[in-house]
Amino acid sequence: MKYFTARPTGILSNFIKQYWSIENCNPGIEGHINRIIPNGLFELIFYLGDKPVSLDENRSIVTNSVITGQLAGYYDIKVSGKLSIFSIQFKPHGLSMFLDIPLNEFINQNIPLNFIFKYEANKLENRLFEAESFEKRVIIIESFFLSFIRKKHLKQNFDRINECIKLITLSKGTLDITTLASETCFSRKQFERTFSDFIGTSPKQFLKIVRFQNAINEKSKDKNLKMTSLTYKCGYYDQSHMINEFKKFTGMSPKKFFGDCDTSSDYFL
């Protein structure tokens, strides 16, 4: 198995977090179950080999290229055959710069790319499949997204939502909604509606996801960090509060999650 990552260049670095790829991953005859958990990010995934199978019928993967929406909880996929992936991971608000669709319509869904880019999707898939290297695929996808951003006018509220995401990230999900609305010069009602359109979920839910991702990040940095210390370090009211949110996002208690899963935070990567 080969694993690659790269950062976007130029203006695309404002909207895209990273590109990553796995080539020729073979989980064996019986396959492998992988749990997908909320990370606060949108992702465009191209399956260049066999597709995994979603074990949740509401999140089926029916085409070779899908956009993953924000998640309210976890789900499982079964990986079998030979898996090769090329993926674009967007910043929380980044995908909104390329689409005219409110991103809250994507929540808890895997959207086929050809539903969004009807005429361009097949051509793009073919070019990526035929590309001989990860580096060439990055060049192809950057050209694709640059062509779309040049056709669009910058959205009036993008900069304000961008500042909001910076504040949320710096606070690691501990700011309240009233403060965020005030800091970005929105009324609370305007803020919640605009945030949902750009980010794909409510501010309250997104703050929970960022706090959860920060807990994963803190634990990955210090494997010996006790659950009590992690609870208060990450802004949970008490251990019961943290346990409830972990069970919602992972299906496991924090102790079981950190014991069973060797994971890191996608959001704070």
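Student: Quick one before we start: what are axes here, and how do the angles run?
Tutor: Axes are lines fitted to C-alpha atoms, for helices over the stretch in contact, and angles run from 0 to 180 degrees between N-to-C directions. Keep in mind that this is a predicted model.

Student: OK, so how do helix 4 and helix 6 cross?
Tutor: At roughly 90°, with the axes of helix 4 (residues 158–171) and helix 6 (residues 188–199) coming within 11 Å. That makes helix 4 roughly perpendicular to helix 6.

Student: Which residues meet there?
Tutor: From helix 4 you have F158, I161, C164, I165 and I168, and across from them are F191, T194, F195, F198 and I199 of helix 6. By class, the contact has 9 nonpolar residues, 1 polar and no charged ones.

Student: Which residues of helix 4 are buried?
Tutor: F158, I161, N162, C164, I165, I168 and S171. They pack against helix 5 (177–183), helix 6 and helix 7 (203–221).

Student: How does the span of helix 4 compare with what 1.5 Å a residue should give?
Tutor: It agrees: 14 residues should span 20 Å, and the end C-alpha atoms of helix 4 are 20 Å apart. Just after the helix, K172 takes a positive phi of about 60°.

Student: And helix 7, is that mostly covered or exposed?
Tutor: Mostly covered, with 15 of its 19 residues buried. From first C-alpha to last, helix 7 reaches 27 Å, close to the 27 Å expected at 1.5 Å a residue.

Student: Switching to the sheet: what's the strand order?
Tutor: The order is 1-2-8-4-6-9, in an open sheet of 6 strands with antiparallel pairing.

Student: Which strands stand at the edges?
Tutor: Strand 1 (2–6) and strand 9 (110–112). Each has a single partner strand, so one side of each is left without a neighbour in the sheet. As for twist, the average is 20° from one strand to the next.

Student: How many bridges do strand 4 and strand 6 pair over?
Tutor: Over 4 bridges, in the antiparallel sense, between strand 4 (residues 43–47) and strand 6 (residues 65–68). If you want a pair to look at, F46 has S65 in strand 6 as its bridge partner.

Student: Last one: which strands does helix 3 touch?
Tutor: Helix 3 (residues 134–149) packs on the sheet and touches strand 1, strand 2 (16–25), strand 4 and strand 8 (83–90). The direction of helix 3 makes about 140° with that of strand 2.

Note on methods: Residues numbered from 1 in each chain as written. Predicted model: local features only at pLDDT ≥ 70, side-chain atom pairs only at ≥ 80, totals over all residues. Heavy atoms only, no water. Helix = DSSP H or I, 4+ residues; strand = E, 2+ residues; numbered from the N terminus. Parallel < 35°, antiparallel > 145°, perpendicular 65-115°, else oblique. Contact = heavy atoms within 4.5 Å. Nonpolar A, V, L, I, M, F, W, Y, C, P; charged D, E, K, R; others polar. Pairing = 2+ DSSP bridges. Expected span 1.5 Å × (residues − 1). Buried < 20%, exposed > 50% of the residue type's maximum accessible area, 1.4 Å probe, protein only.
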